[in-house]
Amino acid sequence: MSSTVDGIVFLALAFATIGGAVMMLATRNVVHAAFWLLEVMLATAGLYMLLSAEFLALVQVLVYAGSVAVLILFTIMLTLRRREDAIRDFEPGWGAGILAVLFGGALLFAVERFSAQMRPGVMPEVVPDVAAFGEKLFTSWAVPFEIASLVLLVALVGAVWWSGGDGQ
Amino acid sequence: MTLIQPVGALSFMALSVVLFSLGLYGALSRKSTVMVLMSLELMANAININLVALSRFSAPAEMTGQFFAVFSMVVSAAEIGLGLALVLALYRQRKTVEIDAMQELKG
Amino acid sequence: MVESVTADHTVLLMFIIVGAIFVPLTLTASHLLAPSKHDERKLDTYECGSEPIGPPWVQFRVGYYVYALLFVVFDIETVFLYPWAVAFDRMVVFVLAEMIVFIAILAGGLAYAWKEGALRWR
């Protein structure tokens, strides 16, 4: 019973994720593409919920759907002078398409081979909660945590440096 | 078939492969730098799904994949922040965001 | 510890379904119930009741980008503060120092942006 529900939810979310990605690449309007990316990110948050990584779903919504989408939309609005600039020519990119299909095919083949070694999957029952996550994060993962703040600092300083600070 | 079984690690990995390939196609074929960066985000997203799913199905109590995914999200947020700042720097110099405008170092 | 993944999120699912129904329902209701008499002024873009000047698509100043990036950085800080606060009573005092170092490093970035004048509103 429960695994059927999981399957339906997974199929719906997979459709939303892949469909959103396809639409993002198919639309010719950059602003629409940004909103399709936002949809992909929200569907991914749903996938994390399905994998019972609740905290990660929260991070996904806050970081990707919240701030990264804001950054992308800001850049689009800062760099386009007129509404018409957002519409782009159709860029099929046949070579890139063939390469991506070959790459994806090879990877799917590898995954299929790998499946022989995997135990047939069911969702494990035990779900660690946010408190357990926090406890591990600040003990075993303390050093990466501090390095993450350094990465953010470098990004911030670099962006301020490049954007000239003085406004022009 | 394998994909219609109860949802397992394999289903998530297949989804992740498709998403990554779409991102790869976008990153290689688009001429707008903003679109290239968005495609990179798609690829990072696919990798995060893979990390979380594999950690969930192999060692759920350890949550290693979740920590990896959190730090990967932080890094990719920093990456897109810097990348878009570069796009803006390019735009101020050349008044365009086309990737073909960056050809100064082409031999 | 929850027993099943989907059972735990029934409330969330209901919320999403009701939300998805609510928006088209109210829009349709207002479309059906409201009288529709349009004139040029009513169809114009709403801008606090005054007449709009210029096209709605405007180009922002590049300086705004730094604000957006500062938002991202402190958004991520919030993300880390949440599990820290939830798990705080289970851990030793050392994690307090950890978080202070984390916030201090990010505050250093804010101070740098401030010093460079990126936060000056012009």
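Q: Where is Leu19(B) found?
A: Leu19(B) sits in helix H1 (residues 9-29) of chain B. Helices here are DSSP runs of H or I with at least four residues, strands are E runs of at least two, and both are numbered from the N terminus.

Q: Before I go on, what kind of model is this, and how are things numbered?
A: It's a predicted model, where local features need pLDDT of at least 70, side-chain atom pairs count only at pLDDT 80 or more, and totals for chains, interfaces and linings use all residues. Residues are numbered from 1 along each chain as its sequence is written, while chains are lettered from A and ligands numbered from 1 in the order in which they are written.

Q: OK, back to Leu19(B): buried or exposed?
A: Leu19(B) is buried, because 25 other C-beta atoms lie within 10 Å. The cut-offs: 20 or more other C-beta atoms within 10 Å of a residue's own is buried, 12 or fewer is exposed, in between is partly exposed, and the C-beta atoms are placed from the backbone.

Q: And what is Leu19(B) in contact with?
A: Leaving aside neighbours within four places in sequence, Leu19(B) contacts Thr17(A), Ile18(A) and Ala21(A) from chain A, plus Leu42(B), Asn45(B) and Ala46(B). Contact means that the C-beta atoms, placed from the backbone, lie within 7 Å. There's also Ala44(B), 25 residues from Leu19(B) in sequence and 9.5 Å away in space, C-alpha to C-alpha.

Q: How many residues of chain A are in contact with chain B?
A: 68 residues of chain A, and they meet 59 residues of chain B. The elements giving two or more residues to chain A's side are H1 (2-26), H2 (30-50), H3 (54-79), H4 (94-114), H5 (130-139) and H6 (142-162) of chain A. That side has 49 nonpolar, 14 polar and 5 charged residues. For the classes, Ala, Val, Leu, Ile, Met, Phe, Trp, Tyr, Cys and Pro are nonpolar, Asp, Glu, Lys and Arg are charged, and the others, Gly among them, are polar.

Q: What about chain C against chain B?
A: There, 5 residues of chain C are in contact with 6 residues of chain B. Chain C's side has 5 nonpolar, no polar and no charged residues.

Q: Which residues touch the most others in the largest nonpolar core?
A: Leu37(A) and Met38(B), in a core of 102 residues. A nonpolar core is a set of buried Ala, Val, Leu, Ile, Met, Phe, Trp, Tyr and Cys residues joined through C-beta atoms within 7 Å. H2(A) gives the largest share of this core, 14 residues. Leu37(A) touches Met24(A), Ala69(A), Met38(B) and Glu41(B), not counting residues up to four places away in sequence.

Q: Switching to chain C, what's its secondary structure?
A: Chain C has 5 helices and 0 strands. Of its 122 residues, 18% count as buried.

Q: How do H4 and H5 of chain C cross?
A: The axes of H4 (residues 64-86) and H5 (residues 94-115) of chain C come within 11 Å and cross at roughly 175 degrees. So H4(C) and H5(C) are roughly antiparallel. Axes are lines fitted to C-alpha atoms, for helices over the stretch in contact, and angles between N-to-C directions run from 0 to 180 degrees. Under 35 is roughly parallel, over 145 roughly antiparallel, 65 to 115 roughly perpendicular and the rest oblique.

Q: What's in that contact by class?
A: The contact of H4(C) with H5(C) has 12 nonpolar, 1 polar and 1 charged residues. Leu70(C), in helix H4 of chain C, touches Leu110(C) and Ala113(C), leaving out residues up to four places away in sequence. Leu70(C) counts as buried because it has 21 C-beta neighbours inside 10 Å.

Q: Last one: what is phi of Ser52(A) near?
A: It's near 50 degrees, a positive value in a residue other than glycine. Most residues other than glycine have a negative phi. Ser52(A) lies in the loop between H2 and H3 of chain A, and with 24 C-beta neighbours inside 10 Å, Ser52(A) counts as buried.

Terms used
Contact = placed C-beta atoms within 7 Å.
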